[in-house]
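Let's take a friendly walk through this fold, strand by strand. Have a look at the sequence and the model first.

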Amino acid sequence: QVQLVESGGGLVQAGGSLRLACAVSGRTVTRYAMGWFRQAPGKEREFVAALSWHGLSTNYADSVKGRFTISRDNAKNLVYLQMNSLKPEDTAVYYCTSPKAQLVAGPFELWGQGTQVTVSS
């Protein structure tokens, strides 16, 4: 059974940094695309970042480009989202996600439970 478990959320001041982690069990991250989405109160869930299954390409929402970095640790089967220069509008629940199928870019069908990120002004 595949599980995605996020951690690393918390409260941070504007301009600060956080690193989210997604622990993946039941599969190896080297064969699956991984992504991060977020959902702010009263808003729809939105795409944040994605990492291809081969690890060679990344994609970011315009709102986080240049500030956030998605990466993975193959040995630890972890996926990270490094978030720098955080803004109050980054406040949301952040979700780790992955396709059900291996060696594809999407769709993102498996989800973690989410971790709360709150950025104070």
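Strands here are DSSP runs of at least two residues (helices, H or I, need at least four), numbered from the N terminus. Keep in mind that this is a predicted model, where local features need pLDDT of at least 70, side-chain atom pairs count only at pLDDT 80 or more, and totals for chains, interfaces and linings use all residues. Residues are numbered from 1 along each chain as its sequence is written, and side-chain values use heavy atoms, with hydrogens and water left out.

**Strand E9 and its partners**

- E9 and E11 pair in the antiparallel sense over three bridges; two strands count as paired if DSSP finds at least two bridges between them.
- E9 also runs antiparallel to E4, and five bridges join them.
- In that pairing, Gly35 has Thr97 of E9 as its bridge partner.
- Strand E10 (residues 110-111) pairs with E9 too, antiparallel and over two bridges.
- There, Ser98 has Leu110 in E10 as its bridge partner.
- Is E9 mostly buried or exposed? Six of its seven residues are buried, so E9 is largely enclosed by the rest of the structure.
- Buried means under 20% relative accessible area, exposed means over 50%, and partly exposed lies in between (1.4 Å probe, protein chains only).

**A four-strand sheet**

- Four strands make an open, antiparallel sheet in the order E1-E3-E8-E7.
- Its edge strands are E1 (3-7) and E7, each pairing on one side only.
- From one strand to the next, the twist averages 20 degrees; axes are lines fitted to C-alpha atoms (for helices, over the stretch in contact), and angles run from 0 to 180 degrees between N-to-C directions.
- Six bridges link E7 and E8 in the antiparallel sense, and Thr69 has Gln82 in E8 as its bridge partner.

**The nonpolar core**

- A nonpolar core is a set of buried Ala, Val, Leu, Ile, Met, Phe, Trp, Tyr and Cys residues joined through side-chain atoms within 4.5 Å.
- Which members of the largest core touch the most other members? Of its 27 residues, they are Trp36, Leu81, Met83 and Tyr94.
- E3 provides the largest share, four residues.
- Leaving out residues up to four places away in sequence, Met83 touches several residues, among them Leu18, Leu20, Phe68, Tyr94 and Val117; contact means heavy atoms within 4.5 Å.
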